[in-house]
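Please look over the structure shown here.

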Amino acid sequence: MNAVRNFLHGVGDRFRALPRWAKIVLAIAAAVFVYLLPIINPPLITTTDSDFGAVLFLCALYALVAIGLNIVIGYAGLLDLGYIGFFAIGAFTVGILGSAHGNIPLLLCIPIAMAVTLFSGIVLGAPTLRVRGDYLAIVTLGFGEIVRLVLVNADGLTGGSRGISNIPTPPSLDLFGVPHLVWDGFVAKVDLSNQTRFIQFSVTDSIPYYWLALTLVFIVLFLDWRMQNSRVGRAWEATREDEDAAELMGVPTFRFKLLAFATGAAIGGLSGALFATKQQFINPDNFTILYSVLFVAMVVVGGQGNRWGVILAAALLTWAPEKFRFLSDARFLLFGLVLMALAIFRPQGLLPPRRSVRAKRADEETEVLEEGAAHV
Amino acid sequence: MLLEVDDLCVNYGRIEAIRNISFTINEGEIVTLIGANGAGKTTTMKTVSGLRPVRQGAIRFEGQDITAMPAHERPVLGIAQSPEGRGCFVGMTVQENLDMGAYARPDRKSPKIGQDRDRVFGLFPRLAERRTQVAGTMSGGEQQMLAMGRALMANPKLLLLDEPSMGLAPKLIQQIFDIITEINKQGTTVLLVEQNAAQALKRADRAYILETGEIIREGTGKDLASDPAVKAAYLGGDV
């Protein structure tokens, strides 16, 4: 485990030490590779029992969710157990405006969905973020369930448990076909009979949705990075570590917590909208409390506060159950065992933020020194 | 008059932590509040810095009524607190902690910040050595210095120090009090809350004694230190 972490941090360090041009070239190469994953179908990674494009779409979708929830939990230190609520509001806003009660094109629905979730984040956060500690977890847990129950019961608006179908797709622009690679052992062949149209959104091919989701991940990542490395990021960090002390430094802690909560909500709404347009059909069963738990697990397993960690965890936790589909129900047992093992052996997550690694290492050193002194 | 606290009452729920206390701090002074555990010292401090809401009474800073002003707006006026139990940001480095101290300053981008940081490093050379160290890995004494240095980075007119000697070795306590005197000489007014009454009275211009939420005595540090009743109750009679 430590070897893995050291390897990943080693990769990070080496990357940071490279000259600027090499960084840009490498980053672009990595991005291109990630975009082409469902075309390349790399052996070992590709899922044989389920559509690899669809799995990758889910990975990217949940990565987006994890980035959003990481702002709330990892940066601002607010335990949000009802994140699926915002995801659901985003999805149903698109469903209601684009299909059930309107004909608004998707590209307009998405910003509206984000605005609606942002607003619901503020409405939920404004009264609850004033209290501290566990109350927020309880309130958000309730919020997630309330949203689902409203969706079930507000028949007229949401279609009740029947849900909403015919959700609009993004506009297509059919330019050319991209043939997939097939692998015979480790030898690749171009399969001209199996092509993905660039870029046509349809039920039959998930890959264009994956590209869309990935693009949104990159955009949100950039904004996330800009925010964290600003005064806002430092205010979040101070508030998370010691709210009173932060307040004494002149940080309006309530406002910053609300900002994190609402930003997270809006990203949750964006993810929900993306989910809706990919599925084209949604109903309240898609948004149970289990998903909130899964989302929190992604952030915690990845390492709260490290954007790369939570993306890695989101992708792993989505991909692994699909990859090991042949184990059928046993994989959920395995999934649970792996989570428990992680909680015991790596409570700080796969890739904790650099800072807590630093703090922990120094802590261990102090401990060793103190123990040493005690033995003398 | 820099700070004026007038007939202040503060509650925790239905418990009255502070009852009708009034005190003043003039510019350039060191004023100390002493008293036993639970006397209301820290509550008073938190109310002056805005962390506790006021039930009754008023707080005025440079003549301006700040009774209802939120805590995060007070550093801009020139009130900075080093909280009880230090409250360092344990995951941040020394330098990052100091920068947080200057967070609210309107002139945070000017070279004045660098000068103020040098001033803090001058007062606490230990912090300069540990500049890039993560605060959580430092000793209690070093964290206390950091909390004081961080409060100074706000360039305050009034510095609130809550139990700066708590949990420190006697030699270090002496050093911390020397530094408090030095900070005051450099022109910062200090409100000091202490259980170490002997040191606090020795350093303070004036002192107030709190007992179960009320001020029972006030006077110059010297007078109170030589008062037999105070000696018996707070100084162990042998100072």
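**Briefing on the predicted model**

Chain B and chain A meet through 20 residues from chain B and 20 residues from chain A, where two residues are in contact if their C-beta atoms, placed from the backbone, lie within 7 Å. This is a predicted model, in which local features need pLDDT of at least 70, side-chain atom pairs count only at pLDDT 80 or more, and totals for chains, interfaces and linings use all residues. Residues are numbered from 1 along each chain as its sequence is written, while chains are lettered from A and ligands numbered from 1 in the order in which they are written.

**Chain B against chain A**

- On the chain B side, α2 and α3 (94-101) each supply at least two residues; helices (H or I, at least four residues) and strands (E, at least two) are DSSP runs, numbered from the N terminus.
- That side of chain B divides into twelve nonpolar, eight polar and no charged residues. Ala, Val, Leu, Ile, Met, Phe, Trp, Tyr, Cys and Pro count as nonpolar, Asp, Glu, Lys and Arg as charged, and the others, Gly among them, as polar.

**Domains of chain B**

- Chain B has a domain 1 (1-78 + 156-239) and a domain 2 (89-153), with bounds from an automatic or database domain assignment.
- The contact between them takes 13 residues from domain 1 and eight residues from domain 2.
- On the domain 1 side, α2 (74-77), β7 (158-162) and α7 (170-185) of chain B are the elements giving two or more residues, and α7(B) gives the most, with five.

**Sheet of chain B**

- Six strands form an open sheet of mixed pairing in the order β6-β7-β8-β3-β9-β10; two strands pair if DSSP finds at least two bridges between them.
- β6 (79-82) and β10 (214-220) of chain B stand at the edges with a single partner strand each, so one side of each has no neighbour in the sheet.
- β3 (residues 30-35) and β9 (residues 206-211) of chain B pair in the parallel sense over five bridges, and B:Ile34 has B:Ile209 as its bridge partner in β9(B).

**Helix pair in chain A**

- α4 (residues 83-100) and α5 (residues 106-128) of chain A pack at about 140 degrees, with axes 8 Å apart. Axes are lines fitted to C-alpha atoms, for helices over the stretch in contact, and angles run from 0 to 180 degrees between N-to-C directions.
- The contact of α4(A) with α5(A) has ten nonpolar, six polar and no charged residues.
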